[in-house]
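Thanks for coming, everyone. Let me put the structure up, and we'll walk through it together.

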Amino acid sequence: MLSQAVGKQPKLRSPLIQDDNEVPVNTADAASDDNRPLTSPDLFANGSTTRMASAMPIWEASSILTQQKDLSWRRDEDGRLCYAKDLGNGEGAVHFWVTQDVDNEYPAALAGAAALAVVDAFDIRAACMHLIYAAHAAQVSNPWEQDLVIDDRQLEEYLGLKKRTDKNRQQKLALIEELVKQPCKISTFISCPTQGKVKGFTLEEGRLWHLLGTRYHYQEDLLGGKELIGITFIIRAGLWAKYFLNEEGRKSHNAYYQAGTLSKTLLESVMSVWHHREGAARLMVWLLFKTQFNRSLPLNVQALMEVAYGAEKVERARQSSEPRKKLVANWDEDLVTLSDHGWKIQFDPETYPLAIQPPGFGRETTQRPRGFFENLLAARLWIAPEEALINEVAALETTAKALTPETLLQVQPKVILSGSQVRALRLARGWSQRKLASLSRISQGLISLIENDERAITPENEAVFKRVFENGSEEQQGNNTASNLPA
């Protein structure tokens, strides 16, 4: 059940904006590093990875920007185009709408053809910009009330545009400005059910990201004309961050802190393949989130194809041979593209035998068995991220796994148990899910969802798991009694 707590969107104003009465979206200044606002600290301080917000609103917005009209959009009760995802077994939900307006604080969500036009115009590369915002937001303590100041030079570096020689300076700036705006065209409404000690809350409809200001930087030429040479953007996270990216709130059990890892290589990979291998680019962004929750369980081919190409194309391929040939060819090429960009792919030998694997992975013949397509849709495989991201996530997991039972309760706040870790700790003690449910007083069904990374671990449940696993280890050593079990 949801509580009555309602998060309201605050009136926004950046301290970098001079006018108290309105937010001037466009301002200009002369070209000088001294005139440019001080930007937020650069991402990727270690050269390869950085922390980023990874809550469901961020994941689903990434899907909107990459999968666009292939998602299940519908009309809401007001006739507006809406995409929704359930939370907490349908007790809550996160809703998304789109707008063309990036200037007004409370934009009107669009309906019908106007909304579809905005969705259709979304550029996959805008998902990279969205991820960059999510990473910058994770670098500050209160991202819902702190500005993220990002300029073109930083964005060129993050996106690998400095290496591009096919675009001149003006073209790069125009591309950057358009990509900056697109994530700011998404608004969201969130109703989150009570989970553990964190009471349910409802966040009123508001932007996912606010574009508070844009400053253009010019340089005069010899004839006195002005040439645009740079742009600085002022971004702020929406109110969602107060409830899903709040470290202090997590400690006091009134909010969550859900963060993952973003690699610079992923941004550059998406930017390099999006045009000719759209399916691979979609998969890279989706797998960025999926593989941080769980890399131990295999992925289903049909589910991945629906991410890469949309459910409608998959269904057409089932009905007709020509769409099927095209889809399978794209799937094969996209898996090769993932592999070429550092993703580790392992086929389940039982469901994904060599006879139906892509030619680039060892199959020598171009022929597949008759009726193979349904077997392919049911096949399973493992896909792990590029090495830099694996190492970063593994470092967090190693920290948790290296803790002794006596120190397990002293885990630092940012070392959060994953579903795969819960499963590993349970199996290490020889427990069934029923046994863990009995000890923890957490239902077996919820434990199953958690271990399969289909349900987030709340701070309260995390504390219960740690206490139970500690007590269980002591019990196995004969140093504990039933009275030590959590009440």
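Start with Tyr352. Leaving aside residues up to four places away in sequence, Tyr352 touches Val301, Trp331, Leu335, Phe347, Gln357, Pro358, Leu376, Ala379, Arg380 and Leu381. Keep in mind that this is a predicted model.

Now zoom out from Tyr352. Which residues have the most contacts inside the largest nonpolar core? They are Trp209, Trp240, Trp331, Tyr352 and Ile383. As general background, nonpolar side chains in soluble globular proteins tend to be buried together.

Next, Arg426. You'll find Arg426 in helix H15, residues 419–428. Is Arg426 buried or exposed? Buried: its relative accessibility is 7%, and the cut-off for buried is under 20%. Where does its side chain reach? To the backbone oxygen of Trp431, at 2.9 Å. Trp431 is also among the residues that Arg426 touches.

On to the cysteines. A disulfide is a covalent bond between the sulfur atoms of two cysteines. How many disulfides does a search of the whole structure find? The count is 0. Two cysteines to look at are Cys128 and Cys192. Cys128 is buried, with a relative accessible area of 0%. Cys192 counts as buried too, because its relative accessibility is 2%.

Last, two backbone angles. Gln68 has a phi near 50°, which is positive, and Gln68 is not a glycine. Look for Gln68 in the loop between helix H1, 56–67, and strand E4, 74–75. Gln68 counts as buried, because its relative accessibility is 12%.

His253 is another residue other than glycine with a positive phi, this one near 65°. His253 is in a loop as well, between helix H7, 247–251, and strand E12, 259–263. Is His253 buried or partly exposed? Partly exposed, because its relative accessibility is 28%.

That's the tour. Questions, please.

Conventions. Residues are numbered from 1 along each chain as its sequence is written. This is a predicted model: local features need pLDDT of at least 70, side-chain atom pairs count only at pLDDT 80 or more; totals for chains, interfaces and linings use all residues. Side-chain values use heavy atoms; hydrogens and water are left out. Helices (H or I, at least four residues) and strands (E, at least two) are DSSP runs, numbered from the N terminus. Buried means under 20% relative accessible area, exposed over 50%, partly exposed in between (1.4 Å probe, protein chains only). A polar contact is a pair of N or O atoms within 3.5 Å; within protein, one must be able to donate a hydrogen and the other to accept it, and residues adjacent in sequence count only if both atoms are side-chain atoms. Contact means heavy atoms within 4.5 Å. A disulfide is a pair of cysteine sulfur atoms within 2.5 Å. A nonpolar core is a set of buried Ala, Val, Leu, Ile, Met, Phe, Trp, Tyr and Cys residues joined through side-chain atoms within 4.5 Å.
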